[in-house]
Amino acid sequence: MSTPSSNRPTGKRVQLMSTCLCDAYFDDAAKATVEVLEYLGCTIDYPEAQTCCGQPAFNSGDWPASRRVVRHTAKVFTGSAPIIVPSASCAAMLVHGAPLEFEKEADHAEIEKLGNRAWELADFIVNGLGVKTWPGKFSAKIAFHTSCHSRGTKSGESTLALLRSIAGVDLVTFGEGEQCCGFGGTFSVTFPNISKGMGDLKLEHIRAVKPDMLVSGDSSCMMHLAGLAEKEGQPIKTLHFAQILRDALKNGGLLPS
């Protein structure tokens with residue numbers, strides 16, 4: 001999530017954690033992640049026994065249940081290769097949440113090592129592999145949503161740096177850009193009215209700048225905002241930034257269409 005320290009591996013053989021939402025709803029975001037990493041020369045291992053990062057139970061306060069999930073993750077993602085996650089939220093769980101809930105557990109060191117190997121995708125591209133600009137072209141007016149879990153990390157600025165460097169991309173800012181979208185995982189279930197109010201306010205500011213699409217590094221935020229917009233009869237196109245990177249390569253003739 002942050003600038004890598006000397007003990008964080010940055011080799012080009014990586015492991016992919018596709019996340020629950022990609023598995024259930026946003027498979028193309030995971031596919032785009034694979035295509036982008038392969039373009040960069042990475043060899044990707046995909047542990048098929050992977051499940052969840054453990055965040056839903058963690059956020060709900062059920063740490064014993066969350067620890068069971070995290071232990072499974074540690075068992076599945078063995079070795080020393082970087083674990084690449086196309087989600088700032090899930091990456092934050094592995095880097096920060098898991099070590100926190102394991103502080104008094106006998107296997108704390110093992111879980112901390114797991115977190116030290118985890119990278120959000122854009123952070124890995126820019127700070128792990130040293131790729132500062134992105135080739136290809138993508139013509140669109142884009143509003144970028146900085147998710148809560150990417151704040152205080154290198155993920156948001158890394159994503160913006162890559163998007164800004166793509167020929168044809170017009171990044172526009174909107175009011176109260178740092179505000180939460182209102183999803184918050186189980187928060188939206190526990191406090192649906194507050195969640196909707198926060199999402200509607202975010203959409204109001206986004207619509208004011210009339211973007212062609214809304215882009216983020218967290219599919220959960222996009223799912224929440226796109227769902228609200230559709231129910232209001234004002235649908236908005238959303239994409240994961242990995243899809244932008246992949247499509248820019250295709251538009252530039254650097255990947256097969």
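In what order do the four strands of the open sheet that contains E1 stand? The order is E2-E1-E3-E4, and the pairing is parallel. Helices (H or I, at least four residues) and strands (E, at least two) are DSSP runs, numbered from the N terminus, and two strands pair if DSSP finds at least two bridges between them. The model is predicted: local features need pLDDT of at least 70, and side-chain atom pairs count only at pLDDT 80 or more, while totals for chains, interfaces and linings use all residues. Residues are numbered from 1 along each chain as its sequence is written, and side-chain values use heavy atoms, with hydrogens and water left out.

- Strand E1 (residues 13–16) runs parallel to strand E2 (residues 43–45), and three bridges join them.
- Valine 14 has isoleucine 44 in E2 as its bridge partner.
- E1 also runs parallel to strand E3 (residues 83–85), to which two bridges join it.
- Glutamine 15 has isoleucine 83 in E3 as its bridge partner.
- Between E3 and E4 there are three bridges, again in the parallel sense, and the bridge partner of valine 85 in E4 is glutamate 120.
- H5 packs on the sheet and touches E3 and E4 (contact means heavy atoms within 4.5 Å); the direction of H5 makes about 155° with that of E4.

**The sheet E6-E5-E7-E8**

- Four strands form an open sheet in the order E6-E5-E7-E8, with parallel pairing.
- At the edges are strand E6 (167–172) and strand E8 (238–240), and each pairs on one side only.
- Strand E5 (residues 137–145) pairs with E6 in the parallel sense over five bridges, and isoleucine 142 stands opposite leucine 171 in E6.

**The contact of H7 with H8**

- Two packed helices are described by the angle between their axes and the distance between the axes.
- The axes of helix H7 (residues 121–128) and H8 come within 8 Å and cross at roughly 75°.
- H7 is therefore roughly perpendicular to H8; angles under 35 degrees count as roughly parallel, over 145 as roughly antiparallel, 65 to 115 as roughly perpendicular and the rest as oblique.
- From H7, Ala122, Asp123, Ile125, Val126 and Asn127 meet Ser155, Ser158, Thr159 and Leu162 in H8.
- The residues of this contact divide into four nonpolar, four polar and one charged; Ala, Val, Leu, Ile, Met, Phe, Trp, Tyr, Cys and Pro count as nonpolar, Asp, Glu, Lys and Arg as charged, and the others, Gly among them, as polar.

**The largest cavity**

- On a 1 Å grid over the protein atoms alone, a cavity is a set of points where a 1.4 Å probe fits but cannot get out, and a pocket is an open set with protein on both sides within 12 Å along at least five of seven lines; lining residues have an atom within 4 Å of a point.
- Grid points are joined across faces, edges and corners, and a volume is the space filled by probe spheres set on the points.
- One cavity of 30 Å³ or more is counted, and the largest cavity holds about 60 Å³ of space.
- Its lining has 14 residues, of which Phe144, Ser147, Ser150, Thr159 and Gly217 lie nearest the centre.
- E5 and helix H8 (155–164) are the elements that give two or more residues to this lining, and H8 provides the largest share, three residues.
- By class, the lining of the largest cavity has three nonpolar, nine polar and two charged residues.

**The largest pocket**

- The largest pocket has a volume of about 600 Å³.
- It is lined by 31 residues, and Gln55, Ser89, Phe183, Gly185 and Ser220 are the closest to its centre.
- At least two lining residues each come from helix H1 (20–24), helix H3 (55–59), helix H5 (88–101) and helix H11 (219–231).
- H11 gives the most to this lining, with four residues.
- The lining of the largest pocket comprises 16 nonpolar residues, 14 polar and one charged.

Conventions:
Axes are lines fitted to C-alpha atoms, for helices over the stretch in contact, and angles run from 0 to 180 degrees between N-to-C directions.
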